[in-house]
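Visitor: I would like to learn how to read a protein model feature by feature. Could you take me through one slowly?

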Amino acid sequence: NITCEVAPHHLVLNQEMIKDANFKMNPPLRTELDRLATVEALLDGTACMIASDHAPHTEAEKSQEYDKCPNGIIGLETMIPIVYTNFVRTGLISLNRFLDVLVYNPIKVFGLDERSLEVGSIADIAIIDIENEHTYSKEEILSKGKNSPYIGNSYYGFPVCTLVNGKIVYKK
């Protein structure tokens with residue numbers, strides 16, 4: 001079996017957008033044509049999953065010269081809003097495809113327990129706000145690392161409540 005995943009940053013960013021070390025990652029950002037090929041892989045099903053590629057680093061590490069700082073950005077907190085805003089809201093993918101690439105395909109590929117919203121099922125649920133645009137700020141980042149190229153950008157789909165095993169672990 002062969003699978004392919006893409007990361008949100010490779011779907012929406014290219015090398016022309018690099019401003020600072022928060023844009024340094026591995027694999028690195030490439031040309032706009034490369035970004036469009038990554039989008040095409042998502043759209044045609046070649047890429048069956050989207051992975052956050054969450055790689056937190058301290059501000060001290062990321063404040064070094066670009067060539068000396070470590071690769072990686074945080075991605076867990078922005079993955080859903082970036083994909084929802086850039087792909088579902090624009091009509092590039094359906095809500096069902098969104099759920100497939102972020103939830104159901106990873107469950108199948110990694111042999112995880114299936115999830116359901118039926119009574120008696122384990123409540124591992126993220127409730128996201130798809131109606132209100134929100135500007136992402138450094139102050140709200142929950143990760144220990146603050147290395148995000150998305151600070152100051154606006155997206156739809158940020159979480160308002162998250163339950164794990166039926167218990168609220170996050171509430172805005």
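Predicted model: local features only at pLDDT ≥ 70, side-chain atom pairs only at ≥ 80, totals over all residues.

Visitor: Is helix 4 enclosed or in the open?

Guide: Helices (H or I, at least four residues) and strands (E, at least two) are DSSP runs, numbered from the N terminus. A residue is called buried under 20% relative accessible area, exposed over 50%, and partly exposed in between, with a 1.4 Å probe and protein chains only. Helix 4 covers residues 79-88, and because eight of its 10 residues are buried, it is largely enclosed by the rest of the structure. Among the buried ones are M79, I82, Y84 and F87. The cover over these buried residues includes helix 1, helix 2 and helix 5, together with strand 2, strand 5 and strand 6, where a contact means heavy atoms within 4.5 Å.

Visitor: How many residues of strand 7 are buried?

Guide: The number is zero out of five for strand 7 (residues 167-171), so this strand lies largely in the open.

Visitor: Which strand does strand 7 pair with, and in what sense?

Guide: Two strands pair if DSSP finds at least two bridges between them. Strand 7 pairs with strand 6 in the antiparallel sense, over four bridges; T162 stands opposite Y170 of strand 7, and L163 stands opposite I168 of strand 7. Strand 6 also pairs with strand 3, again in the antiparallel sense, over five bridges, and I128 has P159 of strand 6 as its bridge partner.

Visitor: What is the volume of the largest pocket?

Guide: Rolling a probe the size of a water molecule over the atoms shows where empty space is left. On a 1 Å grid over the protein atoms alone, a pocket is an open set of points where a 1.4 Å probe fits, with protein on both sides within 12 Å along at least five of seven lines, whereas a cavity is a set from which the probe cannot get out; lining residues have an atom within 4 Å of a point. Grid points are joined across faces, edges and corners, and a volume is the space filled by probe spheres set on the points. The largest pocket has a volume of about 1500 Å³. It is lined by 45 residues, and those closest to its centre are I80, I125, A126, I128 and T162. Helix 5 gives the most to this lining, with eight residues.

Visitor: By class, which residues make up the lining of the largest pocket?

Guide: Ala, Val, Leu, Ile, Met, Phe, Trp, Tyr, Cys and Pro count as nonpolar, Asp, Glu, Lys and Arg as charged, and the others, Gly among them, as polar. The lining of the largest pocket has 31 nonpolar, seven polar and seven charged residues. For the second largest pocket, the volume is about 210 Å³, and its lining has eight nonpolar, four polar and two charged residues.

Visitor: Where is N147 placed, and what does its side chain reach?

Guide: N147 is in the loop between strand 4 and strand 5, and at 2% relative accessibility it counts as buried. A polar contact is a pair of N or O atoms within 3.5 Å; within protein, one must be able to donate a hydrogen and the other to accept it, and residues adjacent in sequence count only if both atoms are side-chain atoms. The side chain of N147 reaches the backbone oxygen of G72 at 2.9 Å, and one of its polar atoms lies 3.0 Å from the backbone nitrogen of H57. N147 and K62 are 85 residues apart in sequence, yet 7.0 Å apart in space, C-alpha to C-alpha.

Technical notes
Residues numbered from 1 in each chain as written. Heavy atoms only, no water.
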